[in-house]
Amino acid sequence: MSDPKVTPPAENAAAGAGASAVPSSNGTGVNTSATAPKKPVVDNPAFRMMGLPRLRLPSRNWMIFLSFSGSIASAIAYDKYQTRLTKQKWCDVVRHLADEPLDTKSMPRKLTIYLSAPPGDGLRSAREHFHQYIKPVLVAGAMDWDVIEGRKEGYVRHKTAEKTRKKRRRRGEGAAMDEEEAAKEYAVETIREKTGTGDYPGVGGDLVVGRHTWKEYVKGLHEGWLGPVDDPHAAAISKSEEVEEAKHTPGQASVSDAALNGAAEVIAANTSTTTPDTTTESDSNSPTTPELPPVEETPKEEEKPKPRQPPPYILPSAYSTATLSPSIPEILGPSVVIPQPHILGIRNTPIRIYRFLTRRRLADTIGRDVAAAVLASAHRSYSVVPADADTASAAESGSSSSTMVPEQTQVLVHEEREWWKTVRKPRLEHEESVWIDDMVLDERIAGRMRKFEISGDDEERAKRFAAGTETIKKAEEES
C-alpha cells in the first residue's frame with residue numbers, strides 16, 4: 001500500500017493564490033488595479049510655461065475661514081467707501097460759502113459747539129465723534145466756531161448760563177462792576193468797538209451734540225434768562241459771615257483767639273524742652289506771668305465735598321414765577337441737535353457691530369444737520385409732538401392716545417434708553433442730576449427757540465452731488 005503524495009507548501013500557496021485571484025476585464029485573471037502605475041497629473045501647459053504652480057481649491061476649513069473673513073472685510077471696506085462719499089456730498093453742498101468775500105468791518109459768522117462726555121464714558125469719545133462727522137462739514141464751509149466742553153454732568157449747564165449772564169451784564173443788568181474789572185472782562189469787546197468792528201449781522205447758531213448735552217443746554221438757557229445775574233449763594237454766604245461777626249462780643253475768646261493761644265502754648269513747650277537751664281534762670285528772675293486759660297477743643301466737623309461747579313441760580317420749580325430778563329431778544333439763536341449714539345456693555349455687542357458696519361447712515365444724518373446749520377437758509381420754531389410711548393408719563397396714563405408735549409422734550413429721547421445703568425443711580429448731595437431729571441420748559445423761553453432745517457433746494461443739490469450730475473467748479477476753471 002503506497003503513501004499519499006505530500007504537496008509542498010510552496011505549491012499550496014501558489015494554488016491558493018490562483019484560486020483567490022479576481023478575474024479582471026482583460027481576461028487574464030490578475031488584479032491589474034494594484035499593479036498598474038497611476039496616471040501622472042497633467043498641469044495646464046500655459047501655467048507650466050509661466051512657471052506657476054498647479055492651482056487647486058483649498059480645503060473645507062480654509063473655505064469657511066476665507067468666506068467669513070472676506071465677508072467681514074468687504075462689509076467694512078464698502079461702509080468706509082460709502083461713508084467717505086457721504087461726507088464729501090455734504091461738504092460739496094456748503095463749499096461755495098468758503099469762496100464768498102468777508103466784510104472787513106464785521107466779524108465772520110461763528111457757531112457754538114456744545115460737547116459733553118457721554119454717560120458712562122469720557123470726553124475722548126465725544127471729541128472723536130466731533131472730528132469724524134461734524135468738523136469736515138464745518139471746515140468745508142469755512143465756518144468759525146467755539147467749543148464749550150463738559151467733562152462731568154452739569155458743566156455745560158453752568159457754562160451756558162454764565163454765557164447768557166455775561167450778555168446781560170454787558171447790557172447793564174446786575175450789580176455795577178468796577179472799572180478795572182469791567183475793562184478786564186470786556187477787553188476784546190472794547191477793542192472791537194474802538195476799531196469799528198461789529199458782530200456778524202446774520203444769525204449765529206448752536207450745535208448741541210447728544211441728548212444729555214441738550215438737556216443741560218436747555219436748562220442753562222432757562223437759568224441764564226430767568227435767574228438772577230448775580231450769584232445768590234455768594235450773597236447768602238457773605239450775610240452769614242456778617243451775622244457771625246456781629247454776634248461776637250468783645251472780651252470773649254473767639255476762634256481766632258483760641259488758635260493764637262494754642263500756638264503760644266506750643267511755642268512755650270518747645271522752648272522749655274530745648275533750653276531748660278536758661279528758662280529756669282529767667283523764670284526765677286522774671287515776675288510771675290499769668291497762666292492762660294485752657295482752650296476748649298471743639299470737635300471738628302466733617303468737611304462736605306464741594307460741588308464740581310456752582311449750583312444753579314434758580315430752580316426749575318421757580319421758572320413760572322421768575323421775571324424774564326428785559327434784554328432777551330425776540331428770537332434766540334437757532335440750534336440743532338446732533339445725534340450721538342453711544343451704547344456700552346458686552347450684551348450689546350451685536351448692536352455695536354451693526355452700527356459699526358452702517359456708519360454711512362449716521363454720517364448722512366449728521367451731515368444733513370450740520371449743513372443745515374452752516375447754510376442757515378431756513379429755521380423754524382419748535383412745535384408740539386406726541387409723547388414717546390416709552391416715557392414715564394405715557395406709562396402712568398395707560399391710555400392708547402399719546403399726549404402732545406413740546407418738541408424740545410422729545411429730541412433724541414431714544415438715546416436715554418441706551419445710557420449706562422450707573423447714570424440712573426441716585427446722586428450724592430454735591431452732584432447734579434440734570435440727565436435723569438425731567439426737562440422743565442417755560443413758554444417764554446421755549447417759544448423763542450428756533451431749529452435749523454435744510455431747505456428743499458439744498459436737499460436737491462445734495463442728491464445731484466451724490467448722483468454725480470453736478471460737480472464743484474474750481475476758480476481756475478471759471479477764470
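Helix α6 gives eight residues to the lining of the largest pocket, the largest share from any element. That pocket holds about 1600 Å³ of space. The model is a predicted one.

**Largest pocket**

- The lining of the largest pocket has 40 residues.
- Thr-112, Lys-163, Lys-167, Glu-189 and Asp-199 lie nearest the centre of this pocket.
- At least two lining residues come from each of β1 (110–116), β2 (144–150), α6 (155–170), α8 (187–195) and α9 (211–226).
- By class, the lining of the largest pocket has 16 charged, 15 nonpolar and nine polar residues.

**Second largest pocket**

- The second largest pocket has about 760 Å³ of space.
- Its lining is made of 26 residues, and those nearest the centre are Tyr-133, Pro-341, His-342, Arg-355 and Leu-362.
- Two or more lining residues come from each of α5 (123–140), α13 (349–357) and α14 (359–375).
- Helix α5 contributes the most to the lining of the second largest pocket, with six residues.
- That lining divides into ten nonpolar, eight polar and eight charged residues.

**Cavities**

- How many cavities of 30 Å³ or more are there? The count is two.
- The largest cavity holds about 60 Å³ of space.
- Residues lining the largest cavity are Pro-118, Pro-119, His-212, Gln-340, Pro-341, His-342, Glu-415, Glu-418 and Trp-419.
- Four of the residues lining the largest cavity are nonpolar, three are polar and two are charged.
- Pro-341 and His-342 line the largest cavity, and both are also among the residues nearest the centre of the second largest pocket.
- The second largest cavity has a volume of about 30 Å³.
- Lys-87, Trp-90, Tyr-133, Val-137, Ala-363 and Gly-367 form the lining of the second largest cavity.
- Helices α4 (60–94), α5 and α14 each give two or more residues to that lining.
- The lining of the second largest cavity has four nonpolar residues, one polar and one charged.
- Tyr-133 lines the second largest cavity and is also among the residues nearest the centre of the second largest pocket.

**Packing of α13 and α14**

- Two packed helices are described by the angle between their axes and the distance between the axes.
- For α13 and α14, the angle is about 65 degrees and the axes are 5 Å apart.
- On the α13 side, the contact is made by Tyr-354, Arg-355, Phe-356 and Leu-357.
- On the α14 side, Arg-359, Arg-360 and Arg-361 make the contact.
- The contact of α13 with α14 has four charged residues, three nonpolar and no polar.
- Arg-355 takes part in this helix contact and is also among the residues nearest the centre of the second largest pocket.

**Nonpolar cores**

- In soluble globular proteins, nonpolar side chains tend to be buried together.
- The largest nonpolar core here has 35 residues.
- Val-94, Ile-134, Leu-138, Leu-207, Val-370 and Val-374 have the most contacts inside this core.
- At least two residues of the core come from each of α4, β1, α5, β3 (206–209), β4 (335–338), α14 and α17 (456–467).
- Helix α14 supplies the largest share of this core, nine residues.
- Which residues does Leu-138 contact, leaving aside its neighbours within four places in sequence? They are Leu-111, Ile-113, Phe-130, Met-143, Trp-145, Val-370 and Val-374.
- Another core, of 23 residues, lies apart from the largest one, and Val-156, Ile-328, Ile-445 and Met-449 are among its members.

- Most residues other than glycine have a negative phi.
- Ala-142 has a positive phi, near 55 degrees.
- Ala-142 sits in the loop between α5 and β2.
- Is Ala-142 buried or exposed? Ala-142 counts as exposed because its relative accessible area is 54%, and the cut-off for exposed is over 50%.
- Leu-412 also has a positive phi, of about 55 degrees, although it is not a glycine.
- Leu-412 is placed in the loop between β7 (404–406) and α16 (443–446).
- Leu-412 counts as buried because its relative accessibility is 14%, and the cut-off for buried is under 20%.

Conventions
Residues are numbered from 1 along each chain as its sequence is written. This is a predicted model: local features need pLDDT of at least 70, side-chain atom pairs count only at pLDDT 80 or more; totals for chains, interfaces and linings use all residues. Side-chain values use heavy atoms; hydrogens and water are left out. On a 1 Å grid over the protein atoms alone, a cavity is a set of points where a 1.4 Å probe fits but cannot get out, and a pocket is an open set with protein on both sides within 12 Å along at least five of seven lines; lining residues have an atom within 4 Å of a point. Grid points are joined across faces, edges and corners, and a volume is the space filled by probe spheres set on the points. Helices (H or I, at least four residues) and strands (E, at least two) are DSSP runs, numbered from the N terminus. Ala, Val, Leu, Ile, Met, Phe, Trp, Tyr, Cys and Pro count as nonpolar, Asp, Glu, Lys and Arg as charged, and the others, Gly among them, as polar. Axes are lines fitted to C-alpha atoms, for helices over the stretch in contact, and angles run from 0 to 180 degrees between N-to-C directions. Contact means heavy atoms within 4.5 Å. A nonpolar core is a set of buried Ala, Val, Leu, Ile, Met, Phe, Trp, Tyr and Cys residues joined through side-chain atoms within 4.5 Å. Buried means under 20% relative accessible area, exposed over 50%, partly exposed in between (1.4 Å probe, protein chains only).
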